[in-house]
Amino acid sequence: FHYVSTLAGFLFRPTEHMRRAAEKARVQIGLPARYLSVHVRNGDFCIAHTVTSDRKQCHSLPAFAEALHSFSDAYHIHEVYLATDNADSIETLVALCPTLKFYFRTEVNRDFLVVTPDDIQKNEIFLEQRLFRSDLPTRQAHLEDIMIDILLLVGGEAYVGHFSSNISRLVVALGTYLRAGVLMPYVSLDIPWCWGGGRAIEIADFGVWQC
């Protein structure tokens, strides 16, 4: 883990443009200095396992809420940065966590992330597949949104996500690197942290996953 964390920190060097974009987003939404962070991928992950052999699944929002409340109690933090591909998740999490204040970016185009019946028919479930066939401005805008989310997520005091997602694994690796090797507190709602160089590997008690 620490090797990958150090490598990620060395390779992940945002440009000045991206640093300014992330800082602008932080100021615009009023994100405080101390906060928790959470990433919810409840779009394509909710459908993939029903129509493909991929094992990724979305997770119940009450499970996210429970993990956030645990961190909130432990660190006495009530502010949360939320990154998600699913607009409905925002409203639901806010309702499930009345004692927490959520910060999220309203300008993100989440309509692009919605899986349509046409996507299912074409077997283009994952957003990466839809991204590949989109036009250059759409790809550029979405990738910049991801970069901004990652930069804000790693700044959280603790993180809630799911390690079946590349973003979650990267956030904890980078968060640890930025803490000089001190592990970023986290909760993964599915598999443990893993690294297989993008290959499918066997994870004890969890089966085969691509990491």
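Trainee: Let's start with Asp 145: buried or exposed?
Mentor: Asp 145 is buried, with a relative accessible area of 17%. Keep in mind that this is a predicted model.

Trainee: Okay, and which side chain does Asp 145 meet in a salt bridge?
Mentor: Its partner is Arg 105, at 3.0 Å from N to O.

Trainee: What about Arg 105, buried or exposed?
Mentor: Arg 105 is buried, with a relative accessible area of 3%.

Trainee: Why would two side chains like that pair up?
Mentor: Side chains of opposite charge can pair when their charged atoms come close.

Trainee: Which salt bridge does Asp 149 form?
Mentor: Asp 149 forms one with Arg 105, and the closest N and O atoms are 3.9 Å apart. Here again distant parts of the chain are linked, since Asp 149 is in helix 8 and Arg 105 is in that loop, 44 residues apart. Asp 149 is buried, as is Arg 105.

Trainee: Which residues end up joined in one network?
Mentor: Arg 105, Glu 107, Asp 145 and Asp 149, through salt bridges that share partners.

Trainee: How many salt bridges are there by this count?
Mentor: Five. One of them is between Glu 23 and Arg 26, with the closest N and O atoms 2.7 Å apart.

Trainee: Where are Glu 23 and Arg 26, then?
Mentor: They are in helix 2 (residues 16–29), three residues apart, so about one helical turn separates them. Glu 23 is partly exposed at 39% relative accessible area, and Arg 26 is partly exposed at 28%.

Trainee: Changing topic: at what angle do the axes of helix 1 and helix 9 cross?
Mentor: At roughly 85°, and the axes come within 8 Å. Helix 1 covers residues 2–11 and helix 9 covers residues 166–178. Angles of 65 to 115 degrees count as roughly perpendicular, so that is how these two helices lie to each other.

Trainee: Which residues meet there?
Mentor: From helix 1, His 2, Ser 5, Thr 6, Ala 8, Gly 9 and Phe 10. They meet Leu 170, Ala 173, Leu 174, Thr 176 and Tyr 177 in helix 9.

Trainee: And how many of those are nonpolar, polar or charged?
Mentor: The contact of helix 1 with helix 9 has six nonpolar and five polar residues, with no charged ones.

Definitions and conventions: Residues are numbered from 1 along each chain as its sequence is written. This is a predicted model: local features need pLDDT of at least 70, side-chain atom pairs count only at pLDDT 80 or more; totals for chains, interfaces and linings use all residues. Side-chain values use heavy atoms; hydrogens and water are left out. Axes are lines fitted to C-alpha atoms, for helices over the stretch in contact, and angles run from 0 to 180 degrees between N-to-C directions. Helices (H or I, at least four residues) and strands (E, at least two) are DSSP runs, numbered from the N terminus. Angles under 35 degrees count as roughly parallel, over 145 as roughly antiparallel, 65 to 115 as roughly perpendicular and the rest as oblique. Contact means heavy atoms within 4.5 Å. Ala, Val, Leu, Ile, Met, Phe, Trp, Tyr, Cys and Pro count as nonpolar, Asp, Glu, Lys and Arg as charged, and the others, Gly among them, as polar. A salt bridge is a side-chain nitrogen of Lys or Arg within 4 Å of a carboxyl oxygen of Asp or Glu. Buried means under 20% relative accessible area, exposed over 50%, partly exposed in between (1.4 Å probe, protein chains only).
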